Amino acid sequence: MLRAGSAVACVACRNLLPSRMGVRFRLPLQKLHPFSRAIHHRYSSNSNPQRPPHCTSARHYTSLSRLPMRPPKSRSGGHGYQQQRSFWVARLAARLLKLRYILLGSAVGGGYTAKKTYDEWKDMLPDFSEYTWIVPDFVWEMAENIDLDKLAAALPEMEEIAKLLPDMEKIGENFTFLKSLLSSGVGSEVIGASGLHLLLDTSGDPTLKATEIHSATAAVPESGDKQFKKTSDKEKVDQLQEELLRTQLKYQRMLERLEKENKELRKVVLQKDDKGIHQRKVKKSLIDLYSEVLDILSDYDSNYNTQDHLPRVVVVGDQSAGKTSVLEMIAQARIFPRGSGEMMTRSPVKVTLSEGPHHVAMFKDSSREFDLGKEDDLAALRREIELRMRKSVKEGQTVSPETISLSVKGPGIQRMVLVDLPGVISTVTAGMASDTKETIFSISKAYMQNPNAIILCIQDGSVDAERSIVTDLVSQMDPQGKRTIFVLTKVDLAEKNLASPSRIQQIIEGKLFPMKALGYFAVVTGKGSSSESIDSIKDYEEDFFQSSRLLREGMLKAHQVTTKNLSLAVSDCFWKMVRESVEQQADAFKASRFNLETEWKNNYPRLRELDRNELYEKAKNEILDEVISLSQVTPKHWESILQKKLWERVSTHVIENIYLPAAQTMDSGTFNTTVDIKLKQWTDKQLPHKALEVAWETLQEEFARFMAEYKGKDQDDIFDKLKEAVKEESIKRHKWNERAMDSLRVIQHNALEDRSITDKPQWDAAIQFMEETLQSRLKDTESVISDMVGPDWKQRWMNWTNRTSEQHVRNETKNELERLLKLHEDHTAYLANDEVTTVRKNLEARGVDVDPVLIKDTWHQLYRRHFLQKALFHCNLCRRGFYYYQRHFVDSELECNDVVLFWRIQRMLGITANTLRQQLTNTEVRRLEKNVKEVLEDFGEDTEKKVQLITGRRVQLAEDLKKVREIQEKLEAFIEALHKEK
């Protein structure tokens, strides 16, 4: 190889020289200067008549400049062969053109000239025979075996090489700019260490001069020798390290400035993209697709052992070790609630970090965006996170496994998914649940046992390493450290408090803790004040490490410090893990989907795959249809049901408390007075309440009847529990309009005050109503008497039964009292004491010992039967009494005031039923329908309620199928987007 000197005459050769060591590749000989070609091949037959004058002193050759030339072997028949070929051509030309003599002369003259030129060039070369011993023998063997002509022909042309070379003018301009930035702080020692200044000095000339490079590199060792004479070796190394650190920090500032400019440019680009969102379909980012998959997996409980093995960054550490602060530095916002020494993270928080034009945060289940650039929104976000955490914690617990999902977007944020877990504690303090420590351990292990989860282990550097709990837990879950990144926080306090800073070096080098890790980082997350901003924390962190002896003395490396480097490393590790595992996870869910679909086809071949929500919507529509059916009930049906039920409710009171006491009087005036008083009291106190109760019960029964009648061939039994719960809850919530009671009381009072029967059909209807009522009461009374006295002789013979002793006594008592009634048919309702004594003595005379109370009780039932029989006879007599009624029973022995009473009761029942029917159809049915809708909406929002009311293997299988399909589709979309990004 040629060593370039200071007096290179050929510009082409100088351009081909590199910046340091000379020619790095071999060029075709025809592209070199003639003088250079002569050096390379002294036997070359081509010569340039316009060569420069020969000067042997122009270059200084050494044995290391180029390998000495070995005389080539002579070819067999060298000149003879050339002469024969020339004469053969001449003879051929002479035969064709008759110019043989001219060609012969030309050939002789050309050969002479070539020989003369060859001798001149040969004399110009120096004698290299003395230096052949320097070159090893294998070089000569290579020279013999390599055809230099073919190698030269295979080399590219100069123009093609020039196209491949970079634009030296632009490179020179860039180096000039870089030199201006660094010229103020770069010293001679750094120049000697890095050689950067040498490169900048020569960047002004696109063709870097080898002589300048050679002189510059030669000057550095001379200055270094002088420096070593003045200072010791240790001081020289310290000075070089300090200057190198200063240069690295300047580079770091320049990179941060460029990153800031890049962030602003990307923000502008993303804002331009946002302007067209309403005009095109919104395309989700890669990290958003991945986060959706994780959200679905967090709610998925598989019975087919398809576990969630997708990567995420799990942030674990001791309580108050700075986990949340590290996450906030990565997210570039103070988004989490803070406390002094107390537990603030009470449930896992999944934070999806992505890049966007605006720095905002949003919850998964909310559409509100929190502007992280505004302090009010930051405070509101912290309050919302704390509220959600406390809401997720069940009563009697301190922490919750329920995950809160949050997304943060902003310019320059590294894309990844992090999960902030509650801090590991060693002791349960007052106010905590007794199982808090075990619950935190179980939650942490559940996230860390994922073989693809990246464990971000946070260790407080300001406390003794021996007090750490989390390192033992991490070493158990990842003993080889293949997915663990160790982060030492509060390094500023650690450097201040530790007497031996080398202890920090041992931690960062992984020699102090028993755990292993992929990487070790040291960060500073502020001075401990909750009011510090992210920018102020970054400045403080940069200033600390710039002046820290840990970095200055080489205990820490530049790439192991600052949260910026940490976030870059975690993001790279996260995406590497995602690319390695996501397709395997997709295949696992594909297999799970096949198993679930096969089970459904075998067990439910004719049913659609409806999940719990879809089944609930179907049941909801059926229930609403049933409620609407209530409005289609005819008024006649409502009134007949209401009238019947109301009379069943009040008939006992009317007969026992109104009719019977009034009928005991012998005077018609007294009868009417007694009836009016008792009806007024009844209307004021009891009747309206009874009527509303009857109406409400009727509405419930009709609602239940419609729900029961709706069942048919298409009815699904899986809805029975839900419908029953909806019916009970709706009825519980429904309250009758109390204002209707006052109006109903007035209507009932006016109906009972009316005594005028206008026509014969009303009279006949009243008699029929009275007769039916009395017959029903008489039948009930006879049944009671039969039970009291036992079976008669016919039943005893037919059924082989006997009377009990009590029944025998009652039968004897009944016979004695019946004889008394035959003697006194107009007897009053009550027995006198002397009559009771007489009956008792008569029974004792027949050997029956009886109690007076039993006599009175038996008399009450016998007299009741006697009275009802007489009332029925009187009712038959009154069938023809309408004529006398119109004449007010003047000049007539027949009085039918009891028929008028039953007509008043019957009319009141009809008017009350009509009033209640109007209230039902106009108000209460609609209110019930509204209550049912509210109950259905409440149940629809309560997931636990739906799980309780809609159960079964069919429901769970449909739920699993839906989840697995959704997960598989999301994973496939994510994998497709991931491949496109590659």
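Trainee: Is the disulfide of Cys878 and Cys896 left-handed or right-handed, and what is the torsion about the S-S bond?

Mentor: In general, a disulfide is a covalent bond between the sulfur atoms of two cysteines. In this predicted model, the torsion about the S-S bond of Cys878 and Cys896 is about -100°, so the disulfide is left-handed. The two sulfur atoms lie 2.1 Å apart, and the structure holds one disulfide.

Trainee: Where in the chain are Cys878 and Cys896?

Mentor: Cys878 sits in the loop between α33 and α34, while Cys896 sits in the loop between α34 and α35; the pair, 18 residues apart, links distant parts of the chain. Cys878 is buried at 0% relative accessible area, and Cys896 is likewise buried at 0%. Cys875 belongs to no disulfide, its nearest cysteine sulfur being that of Cys878, 6.8 Å away.

Trainee: What is the strand order of the open sheet?

Mentor: Its nine strands run β4-β3-β5-β2-β6-β1-β7-β8-β9, with mixed pairing. β4 and β9 stand at the edges with a single partner strand each, so one side of each has no neighbour in the sheet. Within the sheet, β3 and β5 pair in the antiparallel sense over four bridges, and Phe363 stands opposite Leu406 in β5.

Trainee: Where is confidence lowest, and where is it highest?

Mentor: As a general rule, where pLDDT is low, the predicted coordinates should not be read in detail. Here the mean is lowest in helix α10, at 32, and highest in strand β1, at 92.

Notes:
Residues numbered from 1 in each chain as written. Predicted model: local features only at pLDDT ≥ 70, side-chain atom pairs only at ≥ 80, totals over all residues. Heavy atoms only, no water. pLDDT = per-residue confidence, 0-100. Helix = DSSP H or I, 4+ residues; strand = E, 2+ residues; numbered from the N terminus. Pairing = 2+ DSSP bridges. Disulfide = S-S within 2.5 Å. Buried < 20%, exposed > 50% of the residue type's maximum accessible area, 1.4 Å probe, protein only.
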